[in-house]
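The structure I consulted is shown below.

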Amino acid sequence: MPLVNYGVLAAKAIESTREAAQVSTPHYQIHVRDDGGTDYRIAVNVRSQTTPPNLLYVAIDDFHHPLIQLLPPAGSGWHPEPSRPGTASLDFIRGNLFDPATMRVLPADVPGLNNDLEDLLDHYVQRAIADQTIGLYVFGQRWPTDAGDKVFGFQPGNGVHDIHMNQGNDAGHAGDDGVWQDGGLLLHVASENRWVAIFLAFQSQAWHTDDTTGHALAPTRPTTPHQEPMRISAALVNPVAPAPETVTLVNTSATPISLQGWHLSDQQQNVLPLPDTELQPGTSTTFPAANGFRLGADGGAITLLDPSGLKVHGVAYTRKQASVPGQTLTF
């Protein structure tokens, strides 16, 4: 079944410790505390039990996404979230949080500086520990309170885990699958009004999943992150009337692509069927919004779907990015 106690924790980082050299399934452990004085342990997987063991990661130092508009106040503690769109829940596939092709593989812990996943996490967490104006947002599953925390010793024990993609799992972990329940770490650097996002996934997970169960679908192309041949390159989301909203696609491949059966989807999952045309290599074409498909200036997401309904590419934009009427956004 999907994660039972999914949500987001808003807190401040207090201390951290590494675990890679001590256990077979290591975590990077973070002690955080909310403004009400409640302590939590954040257990971030840094190595997988399945092969290949090293995780995929992406770290975005200047993160922009309409999700930010939905987050609870800084330091406000644990907030359960329903696993559906339009909430502060994460979905790596449907939420267009980042381009999966930008994910890279990192080992958990190897000799040397700044060359493994624990080093990457420590880089951001140590700054948050040193600067208590930096807010930490943790997405995952909360575990039950117990007698005492086994790592940091605070009473009562309490924490969040599954800070990673939680869908498209292999058969042994398919029971954890679900949509709109992925994990992640966001840091708000208040002094710079900047957001940092860190997202993790296991190499064994699929990147095409069922829209209801989150189970892996039989792939029609590679399931690992890779550069797609068709991409959303630009959009006019806040036009000056009577101009329509538009979306621009580009064919980045070396061969022509027929758009017969392709669709665009907005944040509310309204679809825009694309005309039966052929897009030549290296060329782009622009489509006006119609058929209930709409974007709007309050922030949103745009997803490109192939004839079988699988996501090919997706982008998102914030209210601030869409604030200038008539300005085309590029992705």
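Entry 1, pocket. I looked up which element gives the most to the lining of the largest pocket, and found strand 18 (residues 300-305), with three residues. Helices (H or I, at least four residues) and strands (E, at least two) are DSSP runs, numbered from the N terminus. I note that this is a predicted model, in which local features need pLDDT of at least 70 and side-chain atom pairs count only at pLDDT 80 or more, while totals for chains, interfaces and linings use all residues. Residues are numbered from 1 along each chain as its sequence is written, and side-chain values use heavy atoms, with hydrogens and water left out.

I recorded about 690 Å³ of space in the largest pocket. Of the 37 residues that line the largest pocket, Arg-94, Gly-95, Trp-180, Gln-267 and Gln-269 are the closest to its centre. A pocket here is an open set of points on a 1 Å grid over the protein atoms alone, where a 1.4 Å probe fits, with protein on both sides within 12 Å along at least five of seven lines; lining residues have an atom within 4 Å of a point. Grid points are joined across faces, edges and corners, and the volume is the space filled by probe spheres set on the points. By class, I listed 14 nonpolar, 15 polar and eight charged residues in the lining. Ala, Val, Leu, Ile, Met, Phe, Trp, Tyr, Cys and Pro count as nonpolar, Asp, Glu, Lys and Arg as charged, and the others, Gly among them, as polar.

I found 10 salt bridges in the structure, each defined as a side-chain nitrogen of Lys or Arg within 4 Å of a carboxyl oxygen of Asp or Glu. Arg-94, one of the residues closest to the pocket centre, forms a salt bridge with Asp-211 at 3.0 Å, N to O. Asp-211 lies in the loop between strand 10 (194-202) and strand 11 (230-236) and Arg-94 in the loop between strand 5 (77-80) and strand 6 (104-106), so the pair ties together parts 117 residues apart in sequence. Asp-211 counts as exposed at 56% relative accessibility, whereas Arg-94 counts as buried at 15%. Buried means under 20% relative accessible area, exposed over 50%, and partly exposed in between (1.4 Å probe, protein chains only).

I then looked up Arg-41 and Asp-149, whose closest N and O atoms are 2.6 Å apart in a salt bridge. Arg-41 is in strand 3 (residues 39-45) and Asp-149 in the loop between strand 7 (134-146) and strand 8 (157-161), 108 residues apart. Both Arg-41 and Asp-149 are buried.

I found nine of the nine residues of strand 10 buried. Arg-194, Val-196, Ile-198, Leu-200 and Phe-202 point one way, and Trp-195, Ala-197, Phe-199 and Ala-201 the other way. Strand 4 (residues 55-60) is joined to strand 10 by six bridges and runs antiparallel to it; two strands pair if DSSP finds at least two bridges between them. Tyr-57 stands opposite Leu-200 in strand 10. Strand 9 (residues 184-189) and strand 10 also run antiparallel, with five bridges, and Leu-186 stands opposite Ala-197. In the hairpin of strand 9 and strand 10, with four residues between the strands, I noted a positive phi near 50 degrees at Asn-193.
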